[in-house]
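Okay, thanks for making time, everyone.

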Amino acid sequence: MFYCGKYPIIEKEQIATGVYSYVIDAPELAREAQAGQFANITAPNFTLRRPISICGIDKQRGTLRFVFEVRGKGTEAISELKKGDNLDVIAPLGNGFRIPENQRVIVVGGGIGVPPLLGVSSITGKLCTAILGFRDSSKIILKDDFKANGTNTIICTDDGSAGIKGTVTFALAEALEENNAAAVLACGPMPMLKAVAKMCEVYKVPCQVSLEQRMGCGVGACVVCTCMTVRNGKEFYSRVCKEGPVFNAEEVRFDG
Amino acid sequence: MADLRVRIAGVEFPNPVIAASGTYGNGECYTDLYPISKLGGISCKGMTIEPKLGNPPPRIAETYSGILNSVGLQNIGVHGFIDFYLPTLKEEGNVIIANVAGATIDDYIAAAKALDASSVDMIELNISCPNVKAGGATWGVTPEGAAAVTKAVRRATSKPLIVKLTPNVTDITVIAKAVESEGADAISLINTLLGMRIDIRTRRPILRNNMGGLSGQAIFPVAVRMVRQCYKAVNIPIIGMGGISTWEDAVEMMLAGACAVQIGTAIFSDPYSPLKVIDGIGEYMDKNGIKELSEIVGQCEEW
């Protein structure tokens, strides 16, 4: 079940250069939403909405949180909205993460792929290990939010300006060696997801990846946001908005 | 309350607003928001006799007041449509239009024959898809090609036949007349205009298919012009589309000569836009003492 409507922005914060956090008052959306789902949000004066992942779901308070990066003129227009303005959203959309109950999970995020994983950390808390990769220390977001959930939070930066120097895959291998995780849930750039999926294959741990694609309707109607998938040896294009955005990694053709 | 019903090729629509092919799936995507029976009709996702994989992504790019798409007719095939989607769709009670594309005339004939035995209300012949290499618009850009497909499909089905025209031609009226003479019951126009966008950082086209079809508000005046030209050239009913997003646009399109309209890209911006257009047309009729829509169709008074 999804809704389409205008919901007031009750909190707005810039959490890094070009990265914004909005909280909207939307009880029915919060009731339905699951970690890993997304919203298709109107960019004022643009034809297409922008798909933005749901970062936080507060069912008691009836709120949803979005954290997004200004990538182009559309997201820039969204970032210019103020506290008190309405956010025009279609949500919650797509399939979220399937989170194993009472078992250890590892979440792996790269850059602006980090926000949808916070919802997993909120649910799994101490059972969750978060490996979060950023270009440099100035790009780090949501670290304290993960920690506040009791999640073991490991930061990696490309230039070593914070945490471990290098990509998330090194830290992931270590975490997979150390703990018997029931699943790895990942979101980030395609090369990162490909490396994470490969690593999980080696360690024989089920891996779910959240994908991104240029999107139209967001509800499965227009069939533009596809990615190549394979099932029973047969290749076909799946809709990121409908069959995804979270897919089982073994079903994704990362080079397709 | 004004009477919004319209009749096209013997088929009665509860109102003149139809969801355009490719923007509304097969009616299954927006049921969380409102009963799709509120629409006058639904033109289903373009289908081919065999299932089709479609083009590689990215398939969409934003443009000034519009979008480019290059889906490439990804669909589950005519038989998949008939088996999986049509039974539930038919329960809604509005007009169900099957949009049909093909690479060869035999493809079109096979699809039309399969649909002839089904419960679809009308067939919309897509000879205007710009995103497939074989077929699609290659049939629609010459009067000979358009006539040949129309003639063949006309023989293959007794369903009311709409032919959807491409704007990517020198003179659309020549094509309109050609399909009229071969038995088309109605024409719908315009499909998308061929366009392209390039990412200046990567120097690559944004669409993986390089080119794609332009739709949305940007193309509205082109659509109005072509509907007007066709209205003056043929006697069969016209379904107007291309960038309609408000009831004012719909009324304008009807004044140009359209009996009904299709709404597509506007649904992506606002899924409720077709309903707002229906309500707006009704209020416009009430306010202006218009009893039925035939009173305004084509009634633009040219200088």
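I'll take the two chains in turn, then where they touch, and end on a single residue.

Quick housekeeping: this is a predicted model, so local features need pLDDT of at least 70 and side-chain atom pairs count only at pLDDT 80 or more, while totals for chains, interfaces and linings use all residues. Residues are numbered from 1 along each chain as its sequence is written, and chains are lettered from A and ligands numbered from 1 in the order in which they are written.

Let's start with chain A. We've got six helices and 15 strands there; helices (H or I, at least four residues) and strands (E, at least two) are DSSP runs, numbered from the N terminus. The C-alpha atoms of chain A fill a box of roughly 45 × 40 × 35 Å along the principal axes. Does the radius of gyration agree or disagree with a compact globule? It agrees: with 256 residues you'd expect something near 18 Å, and chain A has 17 Å. That radius is taken over C-alpha atoms, and the globule rule is 2.2 Å times the number of residues to the power 0.38.

Buried residues make up 52% of chain A. Buried here means 20 or more other C-beta atoms within 10 Å of the residue's own, with C-beta atoms placed from the backbone. Of the contacts in chain A between residues at least 6 apart in sequence, 61% join residues at least 24 apart. A contact means that the two C-beta atoms, placed from the backbone, lie within 7 Å.

Now, the sheet. Chain A has an open sheet of seven strands, in the order S10-S9-S8-S7-S11-S12-S15, with mixed pairing; strands pair if DSSP finds at least two bridges between them. S10 (164–165) and S15 (246–248) of chain A are at the edges with a single partner strand each, so one side of each has no neighbour in the sheet. Helix H5 (residues 168–178) of chain A packs on this sheet, touching S7, S8, S9 and S10, and its direction makes about 165° with that of S8(A). For those angles, axes are lines fitted to C-alpha atoms, for helices over the stretch in contact, and values run from 0 to 180 degrees between N-to-C directions.

Further in, S7 (residues 105–110) and S11 (residues 183–187) of chain A pair in the parallel sense over five bridges, and A:Val105 stands opposite A:Ala183. Helix H6 (residues 190–203) of chain A lies across S7, S8, S11 and S12, at about 170° to S12(A).

On to chain B, with nine helices and 16 strands. For its 303 residues the globule rule gives a radius near 19 Å, and chain B has 18 Å, which agrees. Buried residues make up 57% of this chain.

Last one: B:Gly41, in strand S4 (residues 41–43) of chain B. B:Gly41 is buried, because 26 other C-beta atoms lie within 10 Å. Leaving out residues up to four places away in sequence, B:Gly41 touches B:Phe13, B:Ile18, B:Asn94, B:Val95, B:Ile96 and B:Ile97.

Note on methods. Buried ≥ 20, exposed ≤ 12 C-beta atoms within 10 Å, placed from the backbone.
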